[in-house]
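Walk through this structure with the model open.

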Amino acid sequence: MAQAIEEWYKQMPVITRSYLTAAVAITIGCSLEIISPYHLYLNPKLVVKHYQFWRLITNFLYFRKMDLDFMFHMFFLARYCKLLEENTFRGRTADFFYMLLFGASVLTGIVLIGGMIPYLSASFARIIFLSNSLTFMMVYVWSKQNPFIHMSFLGLFTFTAAYLPWVLLGFSVLVGASAWVDLLVE
């Protein structure tokens with residue numbers, strides 16, 4: 001069993017493996033109180049005034065609690081990030097990295113700009129970790145690249161991949177997560 005997991009891990013493309021490893025390590029580190037989430041969250045004032053530039057990256061690595069939601073996001077990250085890197089971006093690792101960097105930059109920009117708009121600022125101010133949004137972005141990009149693949153959600157119903165982001169948004173709302181985090185991508 002351990003060899004199967006080790007082989008699965010070694011066969012992952014480099015960007016997927018690196019992101020998955022960093023996300024799991026940071027989340028476990030915070031769960032064990034080795035790392036404080038207060039040193040990871042996106043805080044524009046600390047980035048600009050105190051030069052804490054790592055916050056622009058670490059807010060994409062922390063998935064809060066190690067619960068069912070964390071497991072779903074790790075599954076989506078491992079599956080759809082890997083599928084994008086192996087298929088859509090085959091042989092173009094730098095392009096895939098650029099897509100993730102661009103997506104992360106856009107998500108950060110949306111949250112920062114949204115935090116300055118009256119009536120929306122309260123909703124955007126609560127978004128301090130964008131890891132779920134970046135994972136959702138990869139699912140969204142994969143579903144747009146493969147819109148006709150038939151899928152099943154928990155064995156309950158089938159749909160085409162084009163509707164996967166909407167199905168996941170509905171599931172997120174059902175389990176009590178904020179719709180804003182997923183809607184940043186859509």
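Helix α2 (residues 14-31) and helix α6 (residues 93-114) have axes that come within 10 Å and cross at roughly 40 degrees. Helices here are DSSP runs of H or I with at least four residues, strands are runs of E with at least two, and both are numbered from the N terminus. Axes are lines fitted to C-alpha atoms, for helices over the stretch in contact, with angles from 0 to 180 degrees between N-to-C directions. Angles under 35 degrees count as roughly parallel, over 145 as roughly antiparallel, 65 to 115 as roughly perpendicular and the rest as oblique. α2 and α6 are therefore oblique to each other. Val-14, Ile-15 and Thr-16 of α2 meet Thr-93, Phe-96, Phe-97 and Leu-100 of α6, where contact means heavy atoms within 4.5 Å. These residues divide into five nonpolar, two polar and no charged. Nonpolar covers Ala, Val, Leu, Ile, Met, Phe, Trp, Tyr, Cys and Pro; charged covers Asp, Glu, Lys and Arg; the others, Gly among them, are polar.

The model is predicted: local features need pLDDT of at least 70, side-chain atom pairs count only at pLDDT 80 or more, and totals for chains, interfaces and linings use all residues. Residues are numbered from 1 along each chain as its sequence is written, and side-chain values use heavy atoms, leaving out hydrogens and water.

Now take helix α5 (residues 68-88) and helix α8 (residues 131-145). Their axes come within 9 Å and cross at roughly 45 degrees. That makes α5 oblique to α8. The crossing is left-handed, meaning that the near helix is turned anticlockwise from the far one by less than a right angle; clockwise would be right-handed. On the α5 side the contact includes His-73, Phe-76, Leu-77 and Tyr-80, and on the α8 side Met-138, Val-139 and Trp-142 are among the residues. The residues of this contact divide into ten nonpolar, five polar and one charged.

Next, the aromatic rings. A ring pair is described by the distance of the centres and the angle of the planes. Rings of Phe, Tyr and Trp (its six-membered ring) pair if their centres lie within 6.5 Å; planes under 30 degrees apart are stacked, over 60 edge-to-face, the rest tilted. This rule gives ten aromatic pairs. Tyr-62 and Phe-129 have ring centres 4.9 Å apart and planes at 70 degrees, so the pair is edge-to-face. Tyr-62 lies in the loop between α4 (55-58) and α5, and Phe-129 in the loop between α7 (121-125) and α8, so the pair ties together parts that are 67 residues apart in sequence. Tyr-62 is buried at 9% relative accessibility, and Phe-129 is buried at 6%. Buried means under 20% relative accessible area, exposed over 50%, partly exposed in between (1.4 Å probe, protein chains only). Ring pairs also link Phe-72, Phe-75, Phe-76, Tyr-80 and Trp-142 into a cluster.

Tyr-80 and Trp-142 lead on to Met-151, which touches both, along with others including Phe-157 and Leu-164. Met-151 lies in strand β1 (residues 150-153). It is buried, with a relative accessible area of 12%. The C-alpha atoms of Met-151 and Leu-164 are separated by 8.1 Å.

Finally, the whole chain. It has ten helices and two strands, in the order α-α-α-α-α-α-α-α-β-β-α-α from the N terminus. Of its 186 residues, 43% count as buried.

Key: Lists of a residue's contacts leave out its neighbours within four places in sequence.
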